[in-house]
Amino acid sequence: MKFTLNGQEVDAQGATPDTPLLYVLRNDMQLNGPKFGCGLGECGACAVLIDGKVARSCSVPVSVVAGKQVTTLEGLSPEASKAAGEQALHDRAVLDVSAAGHGDKSDAQPRRTYTLHVVQQAFIDAQAAQCGYCTNGMIMALVGLFNHKPQASDDEVKQALSGHLCRCGTHVEIMQAAARARELIAQGRSAAIPAASSSSTVAKAA
């Protein structure tokens, strides 16, 4: 089963047709943006975009996305996601060496700055993340909304976020993040999902 994932064609050939898309994304594709929350499509932590529309990946069989475009949190700012992963691996290695008495934390590389998707930046500006578990779903829901309606009203934001649960109670900050995203869009920042890659590379899930 082939589909486009964050701009690249992938083949989930190791998964049965009824395997939840979330399992393929996390276990086979090693993408940790979408989270496993309830497993019933109720909490929204596993949200992704399928052909630009928000979907609960824990309750979507992978066969449904055959030939379609799937975007995860990592696909909103691919360079930043890749750099963050590389930085985390490097920092972990530095800490391991330091703990063994062979170096110190000064070996850590300076962090580079990348442009985030407008909604990701808005969440940072509004400090809208607490534990971070619901954040994936909240961001993906707002990306889906603003991609089609850049100046969506507060009521439309609330409707888009209905069913996305936050146990930390950061709903006020999340609404502030949505308002901040509207500001950034009005200032000329794009709410569009990055264009699909022209790469023909096919990643195969074992």
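I note first that buried means under 20% relative accessible area, exposed means over 50%, and partly exposed lies in between, with a 1.4 Å probe and protein chains only.

**Entry 1: the whole chain.** I opened a predicted model, where local features need pLDDT of at least 70, side-chain atom pairs count only at pLDDT 80 or more, and totals for chains, interfaces and linings use all residues. Residues are numbered from 1 along each chain as its sequence is written, and side-chain values use heavy atoms, with hydrogens and water left out.

I looked up burial. Of the 206 residues of the protein chain, 40% count as buried. I then looked up the surface. The protein chain exposes about 11,100 Å², and carbon and sulfur atoms supply 51% of that area. Accessible areas come from the Shrake-Rupley method with a 1.4 Å probe; for residues, only the protein chains shown count as cover.

I went through helices and strands. These are DSSP runs, numbered from the N terminus: helices are H or I with at least four residues, strands are E with at least two. The protein chain has 6 helices and 6 strands. Their pattern along the sequence is β-β-α-β-β-β-α-α-α-α-α-β.

Entry 2: I looked at E1 (residues 2-5) and E2 (residues 8-11). The two strands run antiparallel and are joined by 4 bridges. Two strands pair if DSSP finds at least two bridges between them. I found Thr4 opposite Glu9 in E2. The hairpin has 2 residues between the strands, and Asn6 takes a positive phi near 50 degrees there.

**Entry 3: Met1.** I found Met1 in the segment before E1. Met1 counts as partly exposed because its relative accessibility is 28%. Contact means heavy atoms within 4.5 Å.

**Entry 4: Thr170.** Is Thr170 buried or exposed? Thr170 counts as buried, because its relative accessibility is 4%. I placed Thr170 in the loop between helix H5 (154-161) and helix H6 (171-186). Leaving aside neighbours within four places in sequence, Thr170 is in contact with Ala128 and Gln130.

**Entry 5: Tyr23.** I located Tyr23 in helix H1 (residues 21-28). Tyr23 counts as partly exposed, because its relative accessibility is 36%.
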